[in-house]
Amino acid sequence: MNETMVCVVGNVATQPVYRELSTGASTRFRLAVTSRYWDREKSEWADGHTNFFTVWSRRALATNAGASLSVGDPVVVQGRLKVRTETRDGQSWTSADVDAAAIGHDLSRGTSAFRRAAKGDTGSAPAPQPEPSWETEPEAHTEAAGQQHPEPAGVT
């Protein structure tokens, strides 16, 4: 089976939502990825367009991601890219999801303390979170949305 594997580097944009399902644990969050480029006229780095991905994780990865990630964390996500297009109320919507195989903090931007989870340890599972509103306007209606820039995450 051919699959599109990607490695995406960005910031956690929404609080991870953890769920215990009949098939096992599941966590999802939105990831903001902003390109940077050198602006020759201003002689400084500038932010480009921001892409948003919904990251899905399952089983042990879901439990560990839900317990480890917060909004603003710089992360590296590796997994399968799934792009879907659908029509809602006569408007075309496109979403890009990543079915994560691995998630980690981006250590080029800060430090992290790793703790190995004990086998069968469910005590560290995060409490289920309320569902956030992730709906965004289609691109044609939100020209100013492309001008939004996420704040850099501070690391202490």
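A charge is said to sit over a ring if NZ of Lys or CZ of Arg is within 6 Å of the ring centre and within 35 degrees of the ring normal. In this predicted model, the charged end of arginine 88 sits over the ring of tryptophan 93, at 4.7 Å from its centre.

**Confidence**

The chain has a mean pLDDT of 85, and 76% of its residues reach 70 or more. Over residues 140–149, however, the pLDDT is below 50, and beyond near neighbours in sequence this stretch has 6 contacts in the model. Where pLDDT is low, the predicted coordinates should not be read in detail.

**The nonpolar core**

The largest nonpolar core has 14 residues, and those touching the most other members are Phe29, Leu31, Phe53, Val55, Leu69, Val75 and Val77. At least two residues of this core come from each of S1, S3, strand S4 (44–58), strand S5 (74–88) and strand S6 (91–105). Phenylalanine 29 belongs to strand S3, which covers residues 24–39, and phenylalanine 29 counts as buried because its relative accessibility is 1%. Although phenylalanine 29 and phenylalanine 53 are 24 residues apart along the chain, their C-alpha atoms are separated by 8.3 Å. Leucine 69, when residues up to four places away in sequence are not counted, touches Val12, Gln15, Pro16, Phe29, Val75, Ile103 and His105.

**An aromatic pair**

The whole structure contains 1 aromatic pair. The ring centres of tryptophan 38 and tryptophan 45 lie 5.6 Å apart and their planes stand at 75 degrees, so the pair is edge-to-face, given that planes over 60 degrees apart count as such. Tryptophan 38 has a relative accessibility of 43% and therefore counts as partly exposed.

**Salt bridges**

Side chains of opposite charge can pair when their charged atoms come close. The structure holds 4 salt bridges, including those in the table.

| Salt bridge | N to O distance |
|---|---|
| Glutamate 3 and arginine 80 | 2.7 Å |
| Arginine 36 and aspartate 47 | 2.6 Å |
| Arginine 84 and aspartate 97 | 2.9 Å |

Arginine 84 lies in strand S5 and aspartate 97 in strand S6, so this pair ties together parts that are 13 residues apart in sequence. Aspartate 97 is buried, with a relative accessible area of 8%, whereas arginine 84 counts as partly exposed at 42% relative accessibility. As for arginine 36 and aspartate 47, arginine 36 counts as partly exposed at 48% relative accessibility, and aspartate 47 is partly exposed with a relative accessible area of 29%.

Key: Residues numbered from 1 in each chain as written. Predicted model: local features only at pLDDT ≥ 70, side-chain atom pairs only at ≥ 80, totals over all residues. Heavy atoms only, no water. Helix = DSSP H or I, 4+ residues; strand = E, 2+ residues; numbered from the N terminus. Buried < 20%, exposed > 50% of the residue type's maximum accessible area, 1.4 Å probe, protein only. pLDDT = per-residue confidence, 0-100. Contact = heavy atoms within 4.5 Å. Phe/Tyr/Trp six-rings, centres within 6.5 Å; stacked < 30°, edge-to-face > 60°. Core = buried A, V, L, I, M, F, W, Y, C linked by side-chain atoms within 4.5 Å. Salt bridge = Lys/Arg side-chain N within 4 Å of Asp/Glu carboxyl O.
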